[in-house]
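Biologist: Please show me the model, and then we can go through it by question and answer.

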Amino acid sequence: MGKLIGEAVRRVEDRRFITGKATYTDDIKLPGMTYAYIVRSPYAHARIQQIDTSRAQAAPGVIAVFTGEDVKDVNGLPCGWQVNFRNGDTMKEPKHPLLVADKVRHVGDNVAMIVAESREQAKDAAELLDIEYEVLDAVTDPAKAIEEGAPLVHEDVPRNICFDWEIGDKAKTDKAFADADHVVSLEFRNQRLVPNAIEPRSAIGVYDAARDKYTLYTSSQNPHLIRLLLCAFVLGIPEHKVRVVSPDVGGGFGSKIFHYAEEALVTWAARQVGRPIKWTAERSESFVTDAHGRDHVTRAEMAFDKKGKIVGLRVSTVANMGAYLSTFAPAIPTYLHGTLLQGVYDTPAIYCEITAVFTHTTPVDAYRGAGRPEATYLLERLVDTGARELGMDPAEIRRINFIPPFDGVKQPGYQTQVALQYDSGNYEATLNRALEIIGYHQLRHEQEEARKQGRYLGIGFSTYIEACGIAPSAVVGALGARAGLYESSVVRVQPTGKVTVYTGSHAHGQGHETTFAQIVADTLGVPLEDVEVVHGDTEAVPFGMGTYGSRSLAVGGSALRKGLDKVIEKGTKIAAHLLEAAEEDLEFADGEWTVKGTDKKITFGEVALAAYVPHNFPEGMEPGLEFSTFYDPANFTFPFGTHIAVVEVDPETGKVTLKRYVAVDDVGTVINPLIVDGQVHGGIAQGIGQALLEEAVYDENGELLASSFLEYAIPRADDLVSFEVDRTVTPCPHNPLGVKGAGETGTIASTAAVVNAVIDALAPLGIKDLQMPLTPQRVWQAIQQVQAS
Amino acid sequence: MEIPIKVTVNGEVYEHRVEPRMLLVTFLREVLGLTGTHVGCDTSSCGACTILMDGKAVKSCTLLAVQADGAELLTMEGLARNGELHPIQEGFWREHGLQCGFCTPGMIMAAYQLLEENASPDEKEIRRALEGNYCRCTGYHNIVKSVQYAAKKINR
Ligand code: FES
Ligand code: FES
């Protein structure tokens, strides 16, 4: 055993992707297929006075036109996480209709669906749909939305407040601040982002009347979750009569977790129309309908003693929910942000309050990192600001504040001030390694030399923690989750000893077909080619929760590993019977059972065959070699690390150039380093995108100004450098693989590292703070401002 | 009013009548069923639709099908020969140059054009050449390495 785990195995799924043979949802063409186009609101807030469908109905190729009237008896989209007000009242949860009948609440809100013989005809007919709107005042800024007299998004939600929430010890924290030697504070917006997976969302609804059976193909990260929400909450159709397939999915980053109206609409309408219906977003639709990320308005303060020890943290955030609650929206600023404010620091007093607010904007939900980048950003900015004001080195101030190492076995887990218990950590080790790679002292020296020549080099740190694989179900249920957070697997050993495994987790770029196969091959001692990993089809795989929150390996991989253990256990019994030996005398290694101390052995394939041709079989044992497993972890996992960015800023133009980027992450045990590095690279790029380029800006009227790739810049190849990536390994003590999760670390860490680097570069000019994204214009203006004052 | 066109795609000749407004990418995907060419945007920005037309990398969402009349096209499906991967495909596999794979066909086609013009590009040149192709998954790190791998292999 152990030959493949830890190896950079080349991905087995790649062949179809590099030869143009992958199957994304929009690639599927079914007999009799029709095409849907969604007519969307051009206004942020307007009353629909009247819709006249007659001209659209009569347009060439049009099969049906559906409006809010047609779906008024269909439920709206449900929210999957309930957070209560501080006073115990339940959060405000207004209906999120599939098609709006009365009032549109954001640009892009769904108003009608046109089904036609072709996409073009459906789109052409949309031009002929006569809709009369009465345009109303809108509010997009969450801080303004809570002001008295602001336009209301939902009439029955006073001051647009969805809920307020708090965590930590307020009195203790206030006292810590009162007694502190030094306090730093920052006010900023963690700006709104658009996820922009390169594959636009797509859904195909099919209804087979003869079998009374629905099929939904959808670009989703979690087909079972979609099926459950669709059946039990929205359409009220029997779950066993619905199959949801998420075939190849072109990236998600959170945006494809959620249940969207189009999925329900094509499924519902396929029955009305009697033919399959395909809908695929155009990018301009993705911009206004894929759930956005971040959008926090925050005031954060950190208190220090004379020596630079952090003695308190106080955070107050207004979190924008958008116009409706998306599937997991309430959990993001609370349980994925407020609970992460301990960071990697031994801060003794923390208090955080959140006000979640509706505005006339696209709903906001989890986007890569989801709450944790916001937590890391404010912590890392505050720590750096503290270092600067106290005249300390940013590496040193971190070092003296780190939680000391603990492995979660010999030393217990670390109990934070904000509810979580960290599993294992050695934070300083990642800092040391990162400093070594970057050559810190030399680099500071270069920085000094550069400054003498009028060049502005900056070095920025981010020492972060992340929480992955949130669990166990009972705990998250108590916190308001309306779903379990376990994962499932089926291990099916075929009679010839080949192995098919089915996972409830889903891959859309993460390479499960390889990583999971490595686990199977190593554990059972079979060649990698003998393993097939199946995911993404509710008809094939057991009920599973899908992929988000970097949970696949920690939760799904562990479910698989537990299933494999059951195979070995039963296999051992069969082998003992066939070898006429006692179970205790057998040893399983490299795909063979051997009677210890003898050369008597039997192979995995022989045992598999015996299990299905049980002519000579242990008495009373069921034939077959197949196990289904559900794994509910004992705790979250907590990866961590240190990232260092080096930038140069041109004060004449404000342009920031990334020079180097070092990432030392600890994601626990690594199954496939190639894939883990890839996840880290991609994550870093997305975080850098937030730091330097990306912002979904709304104007006063609620128009999304950055609504295409022409106005919304995501990182391109020449914006970035090659990253210097390394890691330390602190295994997770509570899952059978020791893994923690690697999908979001890069994004969580990199935004703060880059912004800290830019501020470090410009510190000699008197710059103390900058608002993201650090576009040349914004940096230049900030420089002008400090020079003028 | 449909217009007859004749195009060679991956060595095969196709004759079809198409609407004058049909995009080339729609022709490839919907008419020929060659779904290896992808659509990622509606502003000619992302490069997911990149193919080779008469040896030049073009964004097939910016051209009409009728503009390809008489042209020779190469798409993702035509790059491997007799089951043997092209060095660029092999590079993307060896160096983990793809994750979700959605940008990959366009990336590979753009890389193909680059290596035709510059057999040994340095990192900067690779990054500049791929500037019109977006990838949201890889951070481009391994895409650069994939192209370097291919260049080395082709030059050997
Ligand atoms: S589809 Fe985006 S450039 Fe062609
Ligand atoms: S691999 Fe997913 S967009 Fe490039």
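Biologist: Which residue of chain B does Glu694(A) touch, if residues up to four places away in sequence are not counted?
Modeller: Contact means heavy atoms within 4.5 Å. Within chain A, Glu694(A) touches residues including Gln191(A), Tyr367(A), Tyr712(A) and Pro773(A). From chain B, the list of residues that Glu694(A) touches includes Arg136(B).

Biologist: Before we go on, where do these values come from?
Modeller: This is a predicted model, in which local features need pLDDT of at least 70 and side-chain atom pairs count only at pLDDT 80 or more, while totals for chains, interfaces and linings use all residues; side-chain values use heavy atoms, with hydrogens and water left out. Residues are numbered from 1 along each chain as its sequence is written, chains are lettered from A, and ligands are numbered from 1 in the order in which they are written. The pLDDT is the predictor's confidence in each residue, from 0 to 100. For chain B, 100% of the residues reach 70 or more, and the mean pLDDT is 97.

Biologist: Is Glu694(A) buried or exposed?
Modeller: Glu694(A) sits in the loop between helix H17 (673-693) and strand E28 (724-727) of chain A; helices (H or I, at least four residues) and strands (E, at least two) are DSSP runs, numbered from the N terminus. Buried means under 20% relative accessible area, exposed over 50%, and partly exposed in between (1.4 Å probe, protein chains only). The relative accessible area of Glu694(A) is 0%, so the residue is buried.

Biologist: What is the relative accessible area of Asp384(A)?
Modeller: Asp384(A) belongs to helix H9 (residues 372-390) of chain A. Beyond its neighbours within four places in sequence, Asp384(A) is in contact with Pro394(A), Arg398(A) and Asn756(A). Asp384(A) is buried, with a relative accessible area of 4%.

Biologist: What area is buried between chain A and chain B?
Modeller: The size of an interface is often given as the accessible area lost when the parts come together. Here buried area is the accessible area (1.4 Å probe) that two parts lose on being put together, summed over both. In this complex, 55 residues of chain A are in contact with 44 residues of chain B. Carbon and sulfur atoms give 53% of the buried area, which is about 4400 Å².

Biologist: Why is helix H2 (residues 87-94) of chain B called largely enclosed?
Modeller: The buried residues of H2(B) pack against helix H1 (14-18) of chain A, and against helix H3 (104-117) and helix H5 (141-155) of chain B. Those buried residues are Pro87(B), Ile88(B), Gln89(B), Glu90(B), Gly91(B) and Phe92(B). H2(B) is largely enclosed by the rest of the structure because the number of its eight residues that are buried is six.

Biologist: Which strand pairs with strand E20 (residues 499-503) of chain A in the parallel sense?
Modeller: Two strands pair if DSSP finds at least two bridges between them. Strand E19 (residues 487-493) of chain A runs antiparallel to E20(A), with five bridges. The parallel pairing of E20(A) has four bridges, and its partner is strand E21 (residues 531-534) of chain A.

Biologist: Which residues form the covered face of E21(A)?
Modeller: Val531(A) stands opposite Val499(A). The uncovered face of E21(A) has Glu532(A) and Val534(A). The covered face has Val531(A) and Val533(A).
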